[in-house]
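Below is a colleague's note for someone meeting this structure for the first time. Please read the numbered points alongside the sequence and the model.

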Amino acid sequence: MGIFGETNFFGGFYVAAKQVLRPRATTEYPAEKRPKPPRLHGRHVLNRYEDGMEKCIGCELCAAVCPADCIYVRGADNPAQAPVSPGERYGFVYEINYLRCIHCDLCVEACPTEAITESKLFEFSFTSRADAIYTRKELLVADDGRPQQLPWEDWREGEDRHTSGWMRATSPSGAARYEGEVQWSAELGYGVRAPEAGQRGARDDEATGNISLRETQRKKIPVRFGGRRR
Amino acid sequence: MGDPLFSHGVDLGVFIIVLVKVVVAFFFLLVSVMLMIWFERKVISDMQNRIGPNRAGKFGVLQTLADGIKLFFKEDLLPDRADRVVFRLAPLLSAVPAFLIFSIVPFGGVVTIAHHVVELQVADPPIGILFLLALSSIAVYGVMLAGWSSGSKYPLLGSVRASAQMISYEAALGLAIVTVILESHGLSTRTIVDSQARRFWDWNVLRLWFVPFVIFFVAGTAELNRPPFDLAEGESELGGGFHTEYSSMRFLMFYLAEFMNTITMSAVVVTLFFGGPDGPGFKVVRWLWPILWFLGKTVVFLYIQVWIRASLPRLRYDQLMNLGWKWLIPVALGWLLLVAAVQVSRTWGFGVFGGIIVGAVLLALARSTSRRRGELGRAGPRPPEGFERLGVSPAVADRPPAGG
């Protein structure tokens with residue numbers, strides 16, 4: 001119980017003074033955004049094939065698996081003259097209530113056609129209950145394949161790059177021989193995305209759009225947690 | 001002695017000069033409080049790896065103004081069980097002394113304006129530094145009555161703590177001031193400053209060998225109810241302490257008084273121990289340099305205050321009382337005797353050794369007494385065979401979750 005040393009009386013002064021020279025931990029949020037973790041669960045999108053067909057076949061598995069009961073789907077037969085999806089049926093009502101959604105991603109797991117995936121967009125603050133319910137029109141990706149920006153959503157250039165659940169789709173489920181194999185269909189606006197490298201470590205972040213937080217946040221990681229020495 | 005401004009009677013010119021000094025000091029204090037709150041928030045955020053206020057104005061300087069305006073327009077609540085008169089009086093009792101104490105601080109040298117010799121301080125009463133003690137005692141009433149009149153439990157607890165704390169530390173504060181008075185041969189703040197002028201080794205902090213300065217600074221911080229002595233507020237245990245029930249303008253007054261007192265206390269430390277406006281000047285604009293020296297030294301102490309706040313956790317109540325009664329007061333008293341002995345020995349020559357010996361013996365006695373008491377208090381009764389002895393610091397793993 002001395003009075004010197006970092007955990008004792010005068011050490012407290014040293015610790016506080018030391019901080020003045022260190023970089024700030026603050027990110028000035030609305031002006032500047034931190035990069036998002038690659039597997040963040042944001043709001044959903046309904047994907048389309050490269051030819052513009054919707055991937056959703058109205059099977060309602062997502063609604064069945066949803067633990068929060070936030071998805072409402074009604075399937076209908078495709079009109080013979082102008083089919084919406086390649087299959088027999090399509091989802092003609094598709095609603096997600098974001099006041100209930102817990103972003104567990106189970107709907108994405110359940111979907112047999114990769115129709116519903118989760119984007120990285122989580123900054124949406126609607127002001128009415130009606131706005132909280134996203135309809136099929138709003139969830140569907142636009143003709144350029146990017147998610148539609150609703151008036152109350154804050155997302156910026158480049159943030160759509162990490163939409164859709166393509167990384168989940170590349171997940172080899174523990175089977176090593178599927179690692180790095182492309183296992184999902186082409187997507188409107190993006191085509192076939194490069195596979196995620198998984199545990200082999202031979203990753204191509206440029207191609208996959210993955211962000212390594214360890215790289216981007218490098219300055220803010222203390223040395224004792226593997227950060228760069230300054 | 002006394003203010004040379006009044007040596008030729010009071011005419012219109014003198015009146016105007018006094019009025020200008022009062023108005024300037026008033027607005028200087030208000031603006032500096034605004035800047036101090038901003039400064040504190042910025043510095044403390046520096047020390048906590050944050051950015052701090054940066055929205056209102058350049059670097060967030062106007063944040064305090066924005067907060068003040070917000071507080072101004074908030075509802076002024078008066079609790080049902082509050083003592084209406086006292087509840088309204090208490091903030092004034094806090095704020096007014098805060099303004100007044102600054103009036104005795106010399107913030108510059110002596111200038112001549114239209115044949116009037118003007119000391120750059122609002123007032124130079126003959127009682128000088130005693131004015132500080134008197135007013136800081138009144139400020140205790142502000143805090144105490146605020147808690148008492150709120151008609152609520154937590155504020156009451158806060159005010160009980162505050163009154164006990166502020167009264168205990170006032171003794172050490174006073175004793176430290178007495179050493180300064182002995183060394184500087186005068187109560188008037190101007191005399192004290194003048195006695196330290198020109199050479200920095202004449203500053204009281206060196207002439208009195210640091211100890212009274214440390215005592216004054218610690219006791220002053222306690223007197224201000226600033227961290228780590230902010231038991232009266234104790235937001236974690238008392239939900240805000242004595243000002244829990246206050247809102248709007250009245251809360252603003254406590255807030256104002258707290259930071260104003262911080263500035264004043266730093267200014268007083270500078271005055272008493274660091275030569276006030278003393279420092280090397282230059283031929284151009286002679287009157288300006290002392291003011292800048294004074295401001296610079298004050299800012300240093302304000303920074304130290306913020307640093308202390310960022311570094312130290314709040315004291316436990318018994319630690320607070322231990323520090324005040326068993327350390328500061330005995331040491332201050334012993335040091336006072338030493339200083340007095342040295343003073344006397346200047347005329348009585350041989351007395352210096354006797355004085356030092358008496359002082360040292362008393363100091364040692366006080367120290368050993370407080371230590372013995374402390375050990376007895378910490379250890380408690382001897383435990384039965386096979387049990388761990390109380391008071392012996394247990395291993396970290398065995399410690400109970402709450403301190404006690």
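What share of the 230 residues in chain A do buried residues make up?

1. Buried residues account for 23% of the 230 residues in chain A, where a residue is buried if 20 or more other C-beta atoms lie within 10 Å of its own, exposed if 12 or fewer, and partly exposed in between, with C-beta atoms placed from the backbone. This is a predicted model, in which local features need pLDDT of at least 70 and side-chain atom pairs count only at pLDDT 80 or more, while totals for chains, interfaces and linings use all residues. Residues are numbered from 1 along each chain as its sequence is written, and chains are lettered from A and ligands numbered from 1 in the order in which they are written.

2. Chain A has eight helices and five strands, and along the sequence they follow the pattern α-β-α-β-β-α-β-α-β-α-α-α-α; helices (H or I, at least four residues) and strands (E, at least two) are DSSP runs, numbered from the N terminus. Of the contacts in chain A between residues at least 6 apart in sequence, 64% join residues at least 24 apart, two residues being in contact if their C-beta atoms, placed from the backbone, lie within 7 Å.

3. Asp154(A) sits in the loop between helix H5 (136-139) and helix H6 (166-170) of chain A. Asp154(A) counts as partly exposed because 13 other C-beta atoms lie within 10 Å. Although Asp154(A) and Phe122(A) are 32 residues apart in sequence, their C-alpha atoms are 8.4 Å apart in space.

4. Between the chains, 10 residues of chain B are in contact with 10 residues of chain A. On the chain B side, helix H1 (12-47) and helix H11 (288-311) each supply at least two residues, and the largest share, three residues, comes from H11(B). That side divides into five nonpolar, three polar and two charged residues, with Ala, Val, Leu, Ile, Met, Phe, Trp, Tyr, Cys and Pro counted as nonpolar, Asp, Glu, Lys and Arg as charged, and the others, Gly among them, as polar.

5. H11(B) also meets helix H10 (residues 248-273) of chain B, their axes coming within 8 Å and crossing at roughly 120°; axes are lines fitted to C-alpha atoms, for helices over the stretch in contact, and angles run from 0 to 180 degrees between N-to-C directions. H10(B) is therefore oblique to H11(B), given that angles under 35 degrees count as roughly parallel, over 145 as roughly antiparallel, 65 to 115 as roughly perpendicular and the rest as oblique. The residues of this contact comprise seven nonpolar, four polar and one charged.

6. Helix H3 (residues 84-101) and helix H4 (residues 130-149) of chain B pack at about 155°, with their axes 8 Å apart, and are therefore roughly antiparallel to each other. Their contact involves 18 nonpolar, four polar and no charged residues.

7. Chain B is divided into domain 1 (4-315) and domain 2 (319-377), with bounds that come from an automatic or database domain assignment. The C-alpha centres of the two domains of chain B lie 29 Å apart, and their contact takes 21 residues from domain 1 and 15 residues from domain 2. On the domain 1 side, H5(B) gives the most, with 11 residues, and the residues of that side divide into 17 nonpolar, three polar and one charged.
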